Amino acid sequence: MSDKTPSDFTPAFQPWPSYDPKRPEVRYDKDAAFHCLYDEALAVVGMNDRAMRRQRHYLIPQAIRQVRDVPGDIVEVGCYRGLSAYIACAVLEAEGISTDFHIFDSFEGLSKPGDQDYSQFLSKNKTKENPFAFPEDQVRNNLSRFKFVHYHRGWIPDRFADVSEKTFRYVHVDVDLYQPTLDTLSFFWSRLSSRGVMLLDDNGTLYFPGARTAIEEFFAGRSDVVRFELPSGAGLAIKVV
Ligand SMILES: C[S@@+](CC[C@H](N)C(=O)[O-])C[C@H]1O[C@@H](n2cnc3c(N)ncnc32)[C@H](O)[C@@H]1O
């Protein structure tokens, strides 16, 4: 648990790097419930703070609340250490929303990049270890508080068949590369309920151009979606049939 209390989160207190006292205040600056939860989640999964990541994750509680009355389960495709899953699960718990939460991940990091994926980031790091490999048992430990989480270990899309009969209200897509992003959209969009939300973590990142290519290709010409891209790089796709 974070040792900060909501009263610590005043404009004078600047715990997150994006806070800039010279710009007009916005509600985000003072959303103590979110910042306390984010700090707690960072501590549980053992990650450092990054301003843009914090802003991307600010969408999660909002998206979860928007789908409260939409039918279907919840999915995260690409969990790494469980940071975004922790936030989503904690909000579900706090809001009293009863649902199953499915996590799909290799737990071995990224798959092999394709031609669409190369960027300065990937070529620079090609000789390093896979930066997103994290053991499944440690993710389970990080999320052990949430008994409604189901784990589907494997390379995308091998384990999607586990949920082929289900529908979904919220799908968080965060697998960085072209092919798994395209496979995820292809499988889950048709199973997303009306008014369901997809959070597209890599929509605007320049580190992983393949994810954006897959998103643009998949949604081109569709009339059943409303989409937004935010300055943090995150995207939202809302189903409108
Ligand atoms: C950026 S991390 C996810 C971060 C997480 N959503 C968060 O915000 O805390 C990407 C994850 O996608 C997984 N991944 C990437 N490509 C995959 C593939 N082809 N099959 C299965 N998992 C994959 C990696 O193992 C990693 O856990």
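**View 1. Val197 and its bridge partner.** Within strand S7, the residue that forms a bridge with Val197 is Ile238. The two strands concerned, S5 (residues 192–200) and S7 (residues 235–239), run antiparallel and are joined over 4 bridges; strands here are DSSP runs of E with at least two residues, helices are runs of H or I with at least four, both numbered from the N terminus, and pairing requires at least two DSSP bridges. The model is predicted, with local features needing pLDDT of at least 70, side-chain atom pairs pLDDT 80 or more, and totals for chains, interfaces and linings using all residues. Residues are numbered from 1 along each chain as its sequence is written, and side-chain values rest on heavy atoms, without hydrogens and water.

**View 2. Helix H3 on the sheet.** Helix H3 (residues 51–66) packs on the sheet and touches strands S1 (73–77), S4 (168–173), S5 and S7, contact meaning heavy atoms within 4.5 Å. The direction of H3 makes about 165 degrees with that of S4, where axes are lines fitted to C-alpha atoms, for helices over the stretch in contact, and angles between N-to-C directions run from 0 to 180 degrees.

View 3. An open sheet of mixed pairing is formed by 7 strands in the order S3-S2-S1-S4-S5-S7-S6. Because S3 (149–153) and S6 (225–229) stand at the edges with a single partner strand each, one side of each is left without a neighbour in the sheet.

**View 4. Val226 in strand S6.** Val226 is found in strand S6 and, at 34% relative accessibility, counts as partly exposed, a class lying between buried (under 20% relative accessible area) and exposed (over 50%), with a 1.4 Å probe and protein chains only.
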